[in-house]
Amino acid sequence: MESINRYLSNSYKSGLVEKTFIRYHTFGYLNMSSTNFEKRASEILSVAGNPFRIRILLEIGNGEVCVCHLEAALKKRQAYISQHLMALRNAGLLVTRRDGKYIFYRLANQEIISLIQNAGLIAGLNQDQLPQLKPPHFVKKCVCPHCEKKNNPHVESTVSINVKK
C-alpha cells in the first residue's frame, strides 16, 4: 500500500485524484500479485502449449537430439525449430550440451511427457489416442555425430511418436 501512495503522490502532486481512479488502481495492484508457483506454472503451460513445441518435446522424448535431427524428423527449417527450442530452453524445459559445432537438447524433466499426455486426457482423448513414445530410431538425413557413425549404421538417437487420429 505504501508503494501505491508513493506512486499517487508523485504522479499527482498538483491536484485532486478521483476516488474511483484510486480505488481501481489500488484494487488492481493488490489483486494482481501472484505467487512464484503460479508464475512458474503459467510460464511452463504457456510455452509448452504451442502445438509445434509439443511435437518437439515428444520427438526429443527420452533421448538427446540436435537441431539437424529435429529438422529431418519434423520436416521444418532449422531457423524455425531453433526459435522454438530457445523458448523451451528459456522456460527451463530443455537442457543443452555442446559437442563441437553441435548442440544437443534433452528434456530437463521427463514429467513433461506425462503433462502432455494428461492434457490429452483432460481434453477428452482416449488412452489409445495419446502420443506414445516409440523406441529410438536413426534418421538418415541427420548429419550429427549421434546419427552419422560410419562404423555403426544402426545408431539410435531419439524417439519417434505415433499419434492416432
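Modeller: In this predicted model, helix 4 (residues 51-60) packs with helix 7 (residues 111-122). Their axes are 10 Å apart, and the angle is about 130 degrees. Helix 4 and helix 7 are therefore oblique to each other. The crossing of helix 4 with helix 7 is left-handed. Helix 4 brings Ile-54, Leu-57 and Leu-58 to the contact. Helix 7 brings Ile-112, Ile-113 and Ile-116. By class, that makes six nonpolar residues, with no polar and no charged ones.

Helix 4 also has a part in covering helix 5. Six of the eight residues of helix 5 (residues 67-74) are buried, so helix 5 is largely enclosed by the rest of the structure. The buried ones are Val-67, Cys-68, His-69, Leu-70, Ala-72 and Leu-74. Besides helix 4, their cover includes strand 1 (65-66), helix 6 (78-90) and strand 3 (102-107). Lys-75 follows helix 5, and its phi is positive, near 55 degrees.

Now turn to Val-47, in helix 3 (residues 36-48). Its relative accessibility is 12%, so Val-47 counts as buried, the cut-off being under 20%. Beyond its neighbours within four places in sequence, Val-47 is in contact with Arg-53, Ala-87, Leu-88, Ala-91 and Leu-93. Arg-89 lies 42 residues from Val-47 along the chain. The C-alpha atoms of Val-47 and Arg-89 are separated by 9.8 Å.

Notes: Residues numbered from 1 in each chain as written. Predicted model: local features only at pLDDT ≥ 70, side-chain atom pairs only at ≥ 80, totals over all residues. Heavy atoms only, no water. Helix = DSSP H or I, 4+ residues; strand = E, 2+ residues; numbered from the N terminus. Buried < 20%, exposed > 50% of the residue type's maximum accessible area, 1.4 Å probe, protein only. Contact = heavy atoms within 4.5 Å. Axes fitted to C-alpha atoms, helices over the stretch in contact; angles between N-to-C directions. Parallel < 35°, antiparallel > 145°, perpendicular 65-115°, else oblique. Left-handed = near helix turned anticlockwise from the far one by under 90°. Nonpolar A, V, L, I, M, F, W, Y, C, P; charged D, E, K, R; others polar.
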